Amino acid sequence: MSNQKRASLSRREFMKAGIAASAALGLGGAARFTPKVYGRARAAKKMIILGMDGMDHGLMTGWLAEGRFPTFRKLLREGGDFRPLRTSLPPQSPVAWSNFITGMDPGGHAIFDFIHRNPKATDPVSFFTFSAAESLGAKKTIRIGKTIIPLSGGEVRNLRKGKAFWQVLEEAGVPATVFKIPSNYPPVPSRQRTLSGMNTPDLKGSYGIFNYYTNETMAVIQEAGGGGRVHDIFVVGNRVEAVLPGPTNSFRTDAPETMVPFQVFLDPANAAAKIVLQGQEFILKEKEWSGWKRVHFNLIPTQSVSGICLFYLKEVRPKFKLYISPVHIDPARPALPISTPESYAKELERHFGPFFTKGLPADTSALVNGVLDEEEFLELDDMVLEESMAMLEYELARFDEGLLFYYFSSTDQRQHMFWRLTDPTHPAYDAKLAARYGGVIAGIYGEMDKALDMALRKADKDTVVIVMSDHGFNAFRRGFNLNTWLLQAGYHRLSKPWKQAESAFFDNTDWSKTRAYGAGLNGLYINERGRERDGLVAAGADKDNLVREIAQKLEALTDPKTGERAILKAFVAKDVYRGPNLEMAPDIVLGFNRGYRISWQSPLGGFPKEVLEDNTQKWSGDHMSSPEVLPGIVIANRKIAAEAPALYDLTVTALNIFGVEKPKEMIGENVLE
Amino acid sequence: MGIVNLVFGWVVDIILLPFQGASPWFGMAAVSLLTSLLMLEVYKLTSNQAAIRRAKDRIKAHLLELRLFKDSMRVTLRAQAAILKANLSYLAANLKPLLVMIVPLVLILAQLSLWFDRAPLGPGEETLVKVGLEEKADPVSLPMELETSPGLEITSPAVRIPDEHEVAWRFKATAAGPGRLTLRVGGLILVKSVAVGGKPLTKVSSLASRGSLWKQALYPGERALPAGTPVRSIEILYPAKSLSVFGHRVHWLVAYLILSIAFGFAFKGVFKVEI
């Protein structure tokens with residue numbers, strides 16, 4: 001396995017492990033919110049916010065100048081306004097959307113990265129934690145043989161601090177519907193309608209594990225990769241017997257993985273097959289997607305969990321290839337909390353049937369690993385988009401007061417995966433694919449134009465409409481191995497230097513001689529005495545001097561291949577964040593130059609040989625740059641007074657529309673005239 | 001069997017037709033009420049009412065004995081034996097009416113399943129049609145063709161499964177209304193009805209089969225397939241239907257049994273029936 005491959009897998013493995021714990025514990029009985037209908041107070045003003053993840057200010061400006069996107073241009077012609085939107089530091093979606101949700105920066109809401117580290121961890125695996133949620137198991141259990149009976153409910157906790165804007169609106173009697181906003185899993189307690197978005201796990205509790213059944217030898221290590229598992233199957237007499245893995249059975253002492261068997265019957269000549277799964281029978285032609293299929297995983301005789309998944313028959317012969325999407329939480333019987341009130345998800349399911357509930361439903365892992373090709377990935381993401389549009393239409397149709405926030409993920413996901421085909425200098429550029437898919441990103445921006453059109457049709461003169469993104473986008477051509485750099489610069493020490501390339505999760509680190517380490521996607525931490533378990537550097541002047549020294553060196557680092565600086569700015573956290581919740585903050589936050597990003601291996605304590613390396617993966621666009629070079633967008637049907645508003649300004653602006661005073665911890669200002 | 005099915009089908013249809021446009025609960029309540037009244041009458045006529053009353057009285061008397069003489073092991077044991085004996089007498093007295101009622105009841109349940117077990121396809125909905133073949137027939141070499149009436153469309157090639165003696169197709173309902181699938185096997189033509197759309201309570205026949213009397217009784221929705229052909233059955237996988245109570249789904253059979261029992265007990269006094 002190449003280092004590159006191994007690294008990319010590790011990151012996802014982390015995600016998987018993090019959320020897996022959440023779900024496994026939550027299945028034991030997560031807290032539920034009271035399904036009450038919120039008593040509504042009618043407000044004169046209304047507000048629709050369309051959140052389009054990752055829409056880039058530079059791209060948008062260029063395309064608008066070319067005369068694309070008729071609705072956006074019409075809105076601007078008719079008195080609307082368009083500004084760059086200052087993103088978060090770092091510009092990662094959980095951080096950025098938390099800025100918007102709370103009206104604070106990470107110093108207030110305490111989400112600094114996708115990944116946090118546990119400085120007191122005693123083993124490499126528990127060193128890294130998922131920043132957004134944690135799970136607490138049942139406090140009391142009894143054991144009967146090999147069965148564990150929980151006597152109390154478990155709990156999944158949202159780790160974001162501060163009040164969400166819809167909670168503030170609720171206190172003021174303003175109704176709100178908040179649809180799939182990221183960083184809201186589990187949804188914070190509220191009587192408003194909210195549906196969780198990014199960070200919502202699949203039924204296995206992972207970031208999204210697809211299953212791939214084939215009799216072809218697969219070179220990719222899927223299982224370790226988080227994102228996919230390959231099942232070697234045999235076609236015997238035109239018949240395939242296989243199992244679909246489900247969540248871990250936390251009712252058993254040995255915590256086995258649940259399994260549901262299924263059969264595939266291939267026609268001897270036609271490129272079609274019949275699939276039989278728990279009494280459901282359906283036929284798929286080659287290169288055809290099934291609709292949602294419901295699957296029940298039995299835990300103990302009285303307990304089971306229900307999930308939903310999609311099947312895709314990629315090939316019947318000469319090789320058999322069947323893809324099954326990650327098993328999503330069934331919105332009709334949610335095993336984990338995904339909405340407030342709990343009935344909201346069920347209501348949507350009754351209206352639309354099963355729907356995508358996993359945080360980011362586009363299966364980027366399947367594309368990265370070659371299980372789905374570009375066309376197949378887009379077919380899947382088109383289903384996501386189609387569903388999003390239908391649900392937006394549904395919510396708009398009944399929207400008559402208060403605030404509606406509606407989120408789109410496809411903008412972000414398609415830019416991550418297709419940037420390489422818009423940039424001939426990208427290491428993963430492919431001219432043939434570019435000819436076919438080079439317009440995908442512009443295409444999804446065009447779809448957002450249609451979403452805006454739907455919202456504007458609903459808006460009357462009292463309705464403020466805002467389109468916003470959380471950050472911009474740029475190429476990810478070169479990866480920076482922060483930990484390798486720290487090692488070479490003498491700030492980090494390995495116990496067995498000859499095993500550098502195999503190191504992961506800091507399992508080879510000599511903490512007694514290490515002064516700094518990189519963890520997460522933008523974070524650098526000092527191994528501080530008293531804070532870290534084996535801290536070395538004294539807090540105060542010693543640490544401050546070290547922080548300044550490392551920051552200066554990082555900002556001076558140039559890439560020998562391009563001659564460009566890899567890091568535009570190394571931000572000293574205590575100087576840039578406001579708020580009382582800095583205990584999990586990195587000491588330095590890296591602000592990368594355009595085209596650069598943290599490498600695949602470094603975030604989880606890996607040490608590849610090279611400090612800088614080409615990114616040859618299909619995951620080719622990203623957003624970890626210095627915030628000033630990566631603004632998002634804000635477009636409104638009102639004039640925007642501020643030249644460059646920030647995400648947290650929009651929070652205060654939303655409250656201001658309804659005459660709600662901003663809570664004192666919010667740091668933003670109203671930006672509309 | 002065809003005539004019996006026709007008669008029972010006609011009776012159930014007459015009962016349910018007025019309720020087609022309403023919630024299925026109304027039809028279910030009506031048919032439960034009428035069948036419970038019918039069964040009460042049948043029970044009254046075919047059971048030994050005196051023996052049943054006697055058995056129940058004995059059970060009550062010995063239960064009283066148990067309570068009064070609970071300190072006497074001997075009396076307690078004797079009372080328990082007597083209760084057991086009285087119970088057996090009660091069951092024996094019920095045997096004849098049960099045997100008499102079971103036949104019409106099965107036929108009624110088979111008819112009700114046509115109305116309550118499966119929902120018709122919605123326009124735009126896809127499902128499978130499965131053709132079951134004789135064990136000797138080879139689905140790969142057997143020439144078979146499926147044709148649809150307007151409003152239906154075949155959306156997949158045939159999937160032939162020799163191990164299961166089955167050929168399946170996927171088809172799509174494109175418009176509401178009754179449809180037909182025509183299966184050509186060699187020179188033989190077989191027709192299967194398809195229900196698409198319709199009122200909340202619509203009769204749906206999922207299986208056309210040939211074979212035993214028992215199968216014909218259980219699947220009375222269509223005429224039996226002709227004998228002497230390689231086709232054993234033609235089945236359409238309609239979506240399952242259930243009754244809804246405050247958002248919870250209840251199987252129609254459970255609803256029918258509960259309602260019938262409730263009506264039976266409610267009216268046993270009126271009909272002066274000892275159950």
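1. Chain A holds an open three-stranded sheet, an "open sheet of 3 strands", in the order S18-S19-S22 with antiparallel pairing. Strands here (E, at least two residues) and helices (H or I, at least four) are DSSP runs, numbered from the N terminus; two strands pair if DSSP finds at least two bridges between them. Strand S18 (293–300) and strand S22 (328–329) of chain A are at the edges with a single partner strand each, so one side of each has no neighbour in the sheet. Strand S19 (residues 303–309) of chain A pairs with S22(A) in the antiparallel sense over 2 bridges, and A:Gly307 has A:Ile329 of S22(A) as its bridge partner.

2. A word on the model and its numbering. This is a predicted model, in which local features need pLDDT of at least 70 and side-chain atom pairs count only at pLDDT 80 or more, while totals for chains, interfaces and linings use all residues. Residues are numbered from 1 along each chain as its sequence is written, with chains lettered from A and ligands numbered from 1 in the order in which they are written.

3. pLDDT is the predictor's confidence in each residue, from 0 to 100. Chain A averages 91, and 92% of the residues score at least 70. Over residues 1–42 of chain A, however, pLDDT stays under 50, although the model has 121 contacts beyond four places in sequence for them. Two residues are in contact if their C-beta atoms, placed from the backbone, lie within 7 Å. Where pLDDT is low, predicted coordinates should not be read in detail.

4. Further along chain A, strand S27 (residues 516–519) and strand S28 (residues 523–526) pair in the antiparallel sense over 4 bridges, with A:Tyr517 opposite A:Tyr525 in S28(A). The hairpin of S27(A) and S28(A) has 3 residues between the strands, and A:Gly520 takes a positive phi near 85° there. S28(A) also pairs with strand S30 (residues 588–592) of chain A, in the antiparallel sense and over 2 bridges; in S30(A), A:Val589 is the bridge partner of A:Gly523.

5. Most residues other than glycine have a negative phi, and most peptide bonds are trans. The bond from A:Arg317 to A:Pro318 is cis, with omega near 10°, and A:Pro318 lies in the loop between strand S20 (311–315) and strand S21 (321–324) of chain A. The bond from A:Thr340 to A:Pro341 is also cis, with omega near -20°; A:Pro341 is in the loop between strand S23 (339–340) and helix H9 (342–352) of chain A. A:Lys180, not a glycine, has a positive phi of about 55° and sits in strand S9 (residues 176–181) of chain A.

6. The contact of the two chains takes 13 residues from chain A and 12 residues from chain B. Strand S15 (272–277) and strand S16 (280–285) of chain A each supply at least two residues of the chain A side. S16(A) gives the most to that side, with 4 residues. By class, the chain A side has 6 nonpolar, 2 polar and 5 charged residues. Ala, Val, Leu, Ile, Met, Phe, Trp, Tyr, Cys and Pro count as nonpolar, Asp, Glu, Lys and Arg as charged, and the others, Gly among them, as polar.

7. In chain B, the axes of helix H1 (residues 2–16) and helix H4 (residues 73–116) come within 10 Å and cross at roughly 55°. Axes are lines fitted to C-alpha atoms, for helices over the stretch in contact, and angles run from 0 to 180 degrees between N-to-C directions. H1(B) and H4(B) are therefore oblique to each other; angles under 35 degrees count as roughly parallel, over 145 as roughly antiparallel, 65 to 115 as roughly perpendicular and the rest as oblique. Their crossing is right-handed, meaning that the near helix is turned clockwise from the far one by less than a right angle, whereas anticlockwise is left-handed. The contact residues include B:Phe8 of H1(B) and B:Trp115 of H4(B), and they divide into 8 nonpolar, 2 polar and no charged.

8. Helix H3 (residues 49–68) of chain B also meets H4(B): the axes come within 9 Å and cross at roughly 160°. That makes H3(B) roughly antiparallel to H4(B). The crossing of H3(B) and H4(B) is left-handed.
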